[in-house]
Amino acid sequence: MKNKLKFLTKQSLDKKIKTKWFKGVNILLLVLFVLIMNVDRVISFFGGDFEEQITIYVKDEVNVYDSFVSSFESTSEMLGESKNFVIEQTTEDLEVLKEELTNTTDKILVHIYPDEANYMKASIISYEDIGTVSTQLISSSINSVKSLVAVSESGLTEEQINALTTPVEIETILTNPDVENQAGKDIVAAGVMLIFILPCFFLLIMLVQMIGAEVNDEKSTRSMEIIISNVPPKIHFLSKIFASTAFVIIQGLLLILYGGIALIVRNMLGGTGLAAVSGEVTSQIGEILQMVKDTGVFSLLLQGLPIILILFVLSFIAYAIVAGVLASMTTSIEDFQQLQTPIMLIILVGYYLAIMAVQFDGSVFIEIASYVPMLSFLLSPVLYMIGQITIWQMLLSTIIMALFTWVIFRYGLRIYKVGILNYSSSKLWKKMFKSLKQK
Amino acid sequence: MLKVEHITKYYDNNKAVDDLSFEVPDGKIFGLLGVNGAGKTTTFRMIIGLLEPTEGKITLDGKPIDYDVTDTIGFLTEERSLLTKLTVKEQIIYYGTLKGMKEEDILRELDYWLERFQITEYKDRKIKELSKGNQQKVQFISAVINNPKLLILDEPFSGLDPINVEMFMEAIREFKKRGSSIIFSSHRMEHVEMFCENLVILVKGKSVLEGELKQIKKEYRKKNIHIKGIVDLEKIRKISGVSKVIENADEIIVKIDNDSIVSAVFEVVKKGKDIIEFSVEDPTLNEIFLSKVGESYEK
């Protein structure tokens, strides 16, 4: 019977994988991954107004040009915008300058002039709206200049001025020994959502629908009778569970592989090693990674990964069991699509609670929900990674999930045995509840 | 030998099969007849182990039906039980493997049957692309691929033209010669008459007639007299024991209640003109079936 189980599992898996649709969808996924990871290059490749270098003409009547340039450059560099601007001082007549701005979008005139009440005032003159980033950069630079003037006029020494103008160093200290640093909590949660939860969400939907379609196909063609006359329902049920779980694992691994390929492509396009993978974006990614690293998330991930993976596999199996049982009860794919709605709702509830876990930090409700089977695989890893639960609590969720999976398999099989050979929807629920009592 | 002993099956309070017993020795073809809903499918499902009888037992060569025994059974269902998205080869490998066969054995048998049914070109075609008749051939091959010890054929000729019916009949006779026990079910009584040595007629799950076909016909009192010539039909109709007189284009059929009426009919026919045929024949199985089923429903 083991050979038959192996054969049925292989058949079921082949039916999902050895199709032109599977190949086509995966090629599409790979292309999408590469495009998403290199979206900045794609945008740059096609070009646009964003590539224009903007010249800022400064007509300075207060003698603060040098301070303005220095402040503007440091702020724009911090925002990664330094390459887009060139600053030039001008002494030309204002009306002539305004005339020169006509019909151009790559020139801005900044007029700084004295004011009795406020020491100085400024005008930003352009032909069209210059956008939020440019406005903010210029505004903050002028304000910064004004502060510097104020400090220098106060009679302080150079050291005192330097000390006052240096940014304040802020250190974050957490007293919870389980979490080293929570500064990047949002980033961690977003990462867990993106890497684990979102793919799992889609894979689960695929899993539920595939089992439903397969069982219904076998039922509606009556081939189920031939199959079940040769293998026990338990073997048939197990083959469906194994095949669909194997499918989502394979598809999940392929998604990880596509992510890797997309990174390699990005690296190759960047040209000079991983450190130079696409200039500013890479340096931003590096900063984010550093921030995430500072939270201690990588060591957390390393410790928790085996449990997370077991929890995922158990959850896939549990969903496969539920989908298989529901599919066995229905006589058409349309009926199954209606009956699968509760499963979809459970997945959605878990998904939204996982998103809300960061917003409602320390929520008792979400923590309790992380122990609830079918939801735990979406909640526990997120709560663990952001430090709301410990590894032992996640282990407890996994044990509960394992017990739940065993129980639903045991009782689900009783329904499955009766359901797969039932072709009538009359007194369906009565029949199914009755089957629960049969061993 | 298949032995069905006093099996009864209940669905809730509904009795689908009621104390049914029969035997199918090796090398014999057995007819299981009945109108729709008579309990045939339930009986088949119990024989192949899909359903447990509420009472009674079923054995094949003395062994109760389990998953070791079902590997030696072939079952052709009334509805198409094929996975239509598979190719013919994939489908047969699928069912053959479930029967515990090795792939090389399955392929060898498959080639033999494809050749025999003249559909070798469809080996790698998807089943959904085949005609109804060719799908039925594939279904038949899937039922016999394991050279079954017990072959259950539920409406095997459905969707077949007369030439293919003859082809199937030959194949079934071959299995009979090989010593397989065969259970045959059909609504076409002429097919049952051609094949079955023994039969049972089910009405509402209960056997209303069972035994050897020849004996059943012999014991069935009603006969048909076939007459070719010019006779006084009014006189025949007035004879006590004549139930019906049918005038066909080239012959007259007189249905009588028992053998004792024959001489009285013959006396009338003797006085007729241009008589070229007078023969007394057993009723057809169809007549017996209609009569028995009708009687049971009247009860």
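1. Strand 1 and strand 3 of chain A pair in the parallel sense over six bridges; two strands pair if DSSP finds at least two bridges between them. Strands (E, at least two residues) and helices (H or I, at least four) are DSSP runs, numbered from the N terminus.

2. A word on the model and its labels: this is a predicted model, in which local features need pLDDT of at least 70 and side-chain atom pairs count only at pLDDT 80 or more, while totals for chains, interfaces and linings use all residues. Residues are numbered from 1 along each chain as its sequence is written, and chains are lettered from A and ligands numbered from 1 in the order in which they are written.

3. Next, the other pairing of strand 3. Strand 3 (residues 107–115) of chain A pairs with strand 4 of chain A in the antiparallel sense, over seven bridges. Three residues lie between these two strands of chain A, which form a hairpin.

4. In chain A, four strands make an open sheet with mixed pairing, in the order 2-1-3-4. Strand 2 (85–89) and strand 4 (119–125) of chain A are the edge strands, each pairing on one side only. From one strand to the next, the twist averages 20°.

5. Two helices of chain A pack on this sheet. Helix 4 (residues 65–78) of chain A touches strand 1 (54–60) and strand 2 of chain A, and its direction makes about 175° with that of strand 2. Helix 5 (residues 94–101) of chain A touches strand 1, strand 3 and strand 4 of chain A, and its direction makes about 155° with that of strand 3. Axes here are lines fitted to C-alpha atoms, for helices over the stretch in contact, and angles run from 0 to 180 degrees between N-to-C directions.

6. Do look at helix 16 (residues 376–385) of chain A: 10 of its 10 residues are buried, so helix 16 is largely enclosed by the rest of the structure. Buried means that 20 or more other C-beta atoms, placed from the backbone, lie within 10 Å of the residue's own. Among the buried residues are A:Phe377, A:Pro381 and A:Tyr384. Just after this helix, A:Gly387 takes a positive phi of about 85°.

7. Finally, the interface: 19 residues of chain B are in contact with 16 residues of chain A, contact meaning C-beta atoms, placed from the backbone, within 7 Å. Helix 2 (residues 88–98) of chain B gives the largest share of chain B's side, four residues.

Notes. A residue is buried if 20 or more other C-beta atoms lie within 10 Å of its own, exposed if 12 or fewer, and partly exposed in between; C-beta atoms are placed from the backbone.
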